[in-house]
Amino acid sequence: MNTPEPISRVEPTTRQDGMPVLEVATPRGMAEIHRHGATVTHFQKTGEAPLLFLSQCSRFEAGSPIRGGIPICFPWFGQPEGRAFMHGYARITQWEVEAVGYEPNGAVKVRLRLPHGEQDAAFPPFALEYTVTIEEALTLELRVTNQSPDAPFEFEECLHTYFHVGDIEQVTVGGLKGLHYLDRLAGSERKHETQAAVQFASEVDRIYLEAPPKLEVRDAALGRRIRIETLNARCAVVWNPWINKARAMPDFGDDEYRRMVCVESGNVGSLRRVLQPGESSHLTVRLSSAPL
Ligand code: TA6
C-alpha cells in the first residue's frame, strides 16, 4: 500500500526568550518564521543543509534585529541622515500573521502584515504585506501600497538574506560582472565589477546597481549552488564582515563570518521606490539550491 505523502503543517510556538514563531513543515522543505520583524530564521530543503545563516550570538529582544535569516530592511536602508537606527523599523517590529494557506502541491504560504505604529507618522499612510512560500524553494514577496489620497510614498526596501555557507573562502557570487557598484568600504565610491565570480578574502560591502534577475552563490565546501531569482529588485547588496567587523559585532560570533555571506535583494539609494497615491509595488525573491 502506498504510504501517504506527509502533509504540511504550520505550528505556532515560541522560541528564544518566548518569541512567537511559526514552524512550517512541508514534504519538501521546512522553515521557521519569527513574528519579530517577520524574520525567516530557518529554511531547509529536505535532504540539504540549512540554507540560511543564524548567528549563535543573535539577540532575540524588542528593539534589536535578529542577526541572520532574512531581516526586512524597510522603509529605509542603512542609516540615512536623521534616522535613529539602521535599516528601518520593520525588522524590529512584531508583525501580524494574516493568513496561512496550504497549496495542493504541499507548499505553504504564510502572509504577514506590518501593523501600523507610531513610527509610521513620518510617512504617508501605507500597507506592508509579506508573503513567504515554503516548498523545496523559499519564495518571499514584499508588497507595499501607498494608501495616501494625495502624497507620494518614497521608501527603500531590501530583503537582507544571510546565507549559510561551508567556508567563505571557497564561495563565489556569480552574475554581477559588468555592473556598477557602490563600495561602502570606500565611501560608497562608484566602481565597476569585472569579475564573473566575486570572491571573498576580506570584508566586502557593496551595493550593485541594476542587478540582473538571476544571481548564484557557489559554495564549494558544501558542494552546493544557491540560485537567487528576483522580480523588481534593482539592487543586490553583497556583504561579508570578515574578521575585524565580526569581532566588533556583539551579536555575531568572532569566526562566524566564515560560514555566512549576505546577498540581499531590493531597491535602495538612488534606486529607491516612489509610489504615487493608490499605487502598489511588489518585490519577489525566490531562493533555491542544488548540488554543485
Ligand atoms: O549588508 C549591508 C549592511 O548595510 C552592512 O553595511 C552591515 O551594516 C549590514 O548591513 C548589517 O547591518 P546591521 O544593522 O544588521 O548590523
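For this tour, Ala, Val, Leu, Ile, Met, Phe, Trp, Tyr, Cys and Pro count as nonpolar, Asp, Glu, Lys and Arg as charged, and the others, Gly among them, as polar. The model is predicted, so local features need pLDDT of at least 70, side-chain atom pairs count only at pLDDT 80 or more, and totals for chains, interfaces and linings use all residues. Residues are numbered from 1 along each chain as its sequence is written, and side-chain values use heavy atoms, with hydrogens and water left out.

Start by selecting the ligand. Around it (a heavy atom within 4 Å) you'll find Arg67, Phe77, Met86, His87, Arg91, His160, Arg184, Asp205, Val237, Trp239 and Glu264. Sorted by class, that shell holds four nonpolar, two polar and five charged residues.

Next, show the side chains of His87, His160 and Arg184. A ligand oxygen lies 3.0 Å from a side-chain N or O atom of His87, and for His160 such a distance is 2.9 Å. Arg184 also has a side-chain N or O atom 3.0 Å from an oxygen of the ligand.

Now hide the ligand and look at the space. Which pocket does the ligand sit in? It's the largest one (sitting there takes more than half of its atoms within 2 Å of the grid points). That pocket holds about 310 Å³ of space. Of its 18 lining residues, Arg67, Met86, His87, His160 and Trp239 are closest to the centre.

Last stop: select Thr41, His42, Pro50, Leu52, Phe53, Leu54, Gln56, His164, Glu256 and Arg259, which line the second largest pocket.

Notes: Polar contact = N/O pair within 3.5 Å; in protein donor to acceptor, adjacent residues only side chain to side chain. 1 Å grid on protein atoms, 1.4 Å probe; cavity = no way out; pocket = protein on both sides within 12 Å on 5 of 7 lines; lining within 4 Å. Points joined across faces, edges and corners; volume = space filled by probe spheres on them.
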